[in-house]
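Work through the exercises below with the structure in view. Try each task before you read its solution.

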Amino acid sequence: MLLFRSEEHVELSGKPRGAFLNPEQQWRLSDAWYHDRADPAWRRKTVDEAEAVFTDLGLLGPFWKLRP
Amino acid sequence: MEADLTQIRLHVLGRVVETARIPAAHETSAALGLTEQEAIDAYRRLHEGRVGSMEPGDPTRFRMLNPFSAVPTPFTVDAGGRSYFGNCVFDALGIISLLGGTGTVNTTCPDCKYAMTLAVSDRRLQRDEGVVHFSVPAAHWWDDIVYT
């Protein structure tokens with residue numbers, strides 16, 4: 001997960017095209033993922049919970065599916 | 001004896017927050033009164049639980065204890081009065097989240113090296129630029145987490 005100057009710069013870098021998020025989406029995803037990491041009760045998200053986070057952020061489609 | 005994994009996880013995480021480096025197994029064993037083998041076993045279990053990822057070939061050290069990196073990366077995070085390295089932009093912002101929601105991420109465009117900053121204050125993104133690119137589909141992030 002890298003921060004590029006623009007989508008054009010991803011193309012120029014030669015990296016295969018994947019999925020794009022704007023920084024606000026990424027902040028919300030990172031916050032959802034890590035805000036409770038120092039909580040003693042923390043546990044890994046289940047597949048359903050993780051997919052629900054993606055869906056809430058509008059991250060839809062096969063790229064964001066965790067099941068084969 | 002199987003050490004309390006939650007206690008060890010929180011101890012290691014706390015040390016990273018305080019020192020900006022991930023302690024090796026011998027440091028954790030000394031701090032918690034464990035044998036080094038017990039600490040190594042706990043590190044392996046944390047690796048298996050995807051709490052982090054071991055340094056390849058070295059069961060005594062983490063390469064990453066998510067969201068923190070044990071090695072320098074292009075993602076510098078300033079938060080809570082200290083500087084850290086995130087594994088990627090996802091984790092760099094995750095460090096800010098874990099530390100209370102205020103901080104900055106400095107990085108450069110992998111293509112042109114243009115310097116960019118993301119700033120968060122009170123859990124609100126205050127400064128943003130650029131676009132985040134994921135090259136690996138979510139189902140395969142942990143196939144090779146260092147690459148991801």
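**Exercise 1.** Is B:Glu27 buried, partly exposed or exposed?

*Solution.* The model is a predicted one. Start with the relative accessible area of B:Glu27, which is 27%. Buried would need a value under 20%, and exposed a value over 50%. B:Glu27 is therefore partly exposed. Now look at its partner. B:Glu27 forms a salt bridge with B:Arg21, with 3.0 Å between the closest N and O atoms. B:Arg21 has a relative accessible area of 41%, so B:Arg21 is partly exposed.

**Exercise 2.** Classify the two partners of the salt bridge between B:Arg61 and B:Asp58.

*Solution.* First, the distance: the closest N and O atoms of this pair are 3.9 Å apart. Next, the arginine: B:Arg61 has a relative accessible area of 37% and is partly exposed. Last, the aspartate: B:Asp58 reaches 23% and is partly exposed.

**Exercise 3.** Describe how chain A and chain B meet.

*Solution.* Begin with the contacts: 38 residues of chain A touch 47 residues of chain B. Then take the area. The two chains bury about 4000 Å² between them, 68% of it on carbon and sulfur atoms. A:Met1, A:Leu3 and A:Trp27 supply 25% of the area that chain A buries against chain B, more than any other three residues.

Now count the polar links. There are 17 residue pairs in polar contact between the chains. On the side of chain A that touches chain B, α2(A) gives the most, with nine residues. By class, that side has 22 nonpolar, seven polar and nine charged residues.

The count of salt bridges between the chains is one. A:Asp31 and B:Arg123 make it with their side chains, at 2.6 Å from N to O.

**Exercise 4.** Which strand of chain B does β2(A) join, and in which direction do the two run?

*Solution.* Find β9 of chain B, residues 131–134. Three bridges join β2(A) to this strand, and the two run antiparallel. Finally, locate one facing pair: A:Phe20 stands opposite B:His133 in β9(B).

Terms used. Residues are numbered from 1 along each chain as its sequence is written. Chains are lettered from A and ligands numbered from 1 in the order in which they are written. This is a predicted model: local features need pLDDT of at least 70, side-chain atom pairs count only at pLDDT 80 or more; totals for chains, interfaces and linings use all residues. Side-chain values use heavy atoms; hydrogens and water are left out. Contact means heavy atoms within 4.5 Å. Buried area is the accessible area (1.4 Å probe) that two parts lose on being put together, summed over both. A salt bridge is a side-chain nitrogen of Lys or Arg within 4 Å of a carboxyl oxygen of Asp or Glu. A polar contact is a pair of N or O atoms within 3.5 Å; within protein, one must be able to donate a hydrogen and the other to accept it, and residues adjacent in sequence count only if both atoms are side-chain atoms. Helices (H or I, at least four residues) and strands (E, at least two) are DSSP runs, numbered from the N terminus. Ala, Val, Leu, Ile, Met, Phe, Trp, Tyr, Cys and Pro count as nonpolar, Asp, Glu, Lys and Arg as charged, and the others, Gly among them, as polar. Two strands pair if DSSP finds at least two bridges between them. Buried means under 20% relative accessible area, exposed over 50%, partly exposed in between (1.4 Å probe, protein chains only).
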